[in-house]
Amino acid sequence: MKAFLFEEHSSVLALWWERRVQARTLVCLDAHLDLQHVGAERIARLEECHSVEQVRALGKPHFLLPDGGSSYSLENFLYAAAQLGLIERLIWVAPPHARTAHAPDAIRHLQQMDGVRPEDLYGFKRTDGGWIEGRLLGLDLVICDYRDLGHLALPGDSLIDIDMDYL
């Protein structure tokens with residue numbers, strides 16, 4: 001297994017693109033679900049890229065800067081990855097404050113995200129194992145506690161993303 005460190009973990013999008021990752025499961029340990037909606041015109045710019053340098057150039061260099069011509073950033077690179085076909089299933093290992101054992105609290109957390117409508121959340125359900133499953137912004141989503149990971153079926157080629165704010 002190879003590990004890569006980035007100052008801004010959204011930079012991993014260019015690495016996944018360069019390595020031609022496709023339709024993977026991503027296990028994400030992050031204090032925030034970085035799955036904000038990205039407009040179609042911004043996704044189209046990513047789809048037109050022919051080199052990893054072009055993909056990197058479309059990334060927002062720092063979260064405090066205005067979006068400008070960027071197509072993805074810290075808060076939405078997972079949505080961009082899903083739209084590019086790099087990931088198809090997201091397992092968000094939510095931090096304790098998201099209270100994944102209580103589905104209504106986790107759903108309220110999702111409702112605070114840009115681009116998510118209440119009707120998008122109707123299909124979410126709590127499983128017998130205690131985690132939450134559904135589909136959000138075109139992506140299969142599992143919300144779980146770290147203790148649930150041993151009970152989930154994870155493909156051997158799953159990706160793992162750990163943001164330091166989780167720790």
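The model is predicted, with local features needing pLDDT of at least 70 and side-chain atom pairs counting only at pLDDT 80 or more, while totals for chains, interfaces and linings use all residues. Residues are numbered from 1 along each chain as its sequence is written, and side-chain values use heavy atoms, with hydrogens and water left out.

Let's start with the chain as a whole. The protein chain has five helices and six strands, where helices are DSSP runs of H or I with at least four residues and strands are runs of E with at least two, numbered from the N terminus. Followed from the N terminus, the elements run α-β-α-α-α-β-α-β-β-β-β. Of the 167 residues, 48% count as buried (under 20% relative accessible area with a 1.4 Å probe, protein chains only). Taking contacts (heavy atoms within 4.5 Å) between residues at least 6 apart in sequence, 71% join residues at least 24 apart.

Next, look for the largest pocket, with about 770 Å³ of space. A pocket here is an open set of points on a 1 Å grid over the protein atoms alone, with protein on both sides within 12 Å along at least five of seven lines; lining residues have an atom within 4 Å of a point. Its volume is the space filled by probe spheres set on the points, which are joined across faces, edges and corners. Of the 23 lining residues, K2, A3, F4, V12 and I160 are the closest to the pocket's centre. The elements giving two or more residues to this lining are α1 (12–18) and β6 (159–162), and β6 supplies the largest share, four residues. By class, the lining has 13 nonpolar, three polar and seven charged residues (Ala, Val, Leu, Ile, Met, Phe, Trp, Tyr, Cys and Pro are nonpolar; Asp, Glu, Lys and Arg are charged; the others, Gly among them, are polar).

The structure holds one cavity of 30 Å³ or more, a cavity being a set of grid points where a 1.4 Å probe fits but cannot get out. Lining the largest cavity are E8, S10, K60, P61, H62, F63, S73 and L74.

K60 lies in the loop between α3 (52–57) and α4 (77–83), and counts as buried because its relative accessibility is 11%. Beyond its neighbours within four places in sequence, K60 is in contact with L65, P66, D67, S70, Y72, S73 and E75. The K60 side chain reaches the backbone oxygen of L65 at 3.0 Å.

How values were computed. Buried < 20%, exposed > 50% of the residue type's maximum accessible area, 1.4 Å probe, protein only. Polar contact = N/O pair within 3.5 Å; in protein donor to acceptor, adjacent residues only side chain to side chain.
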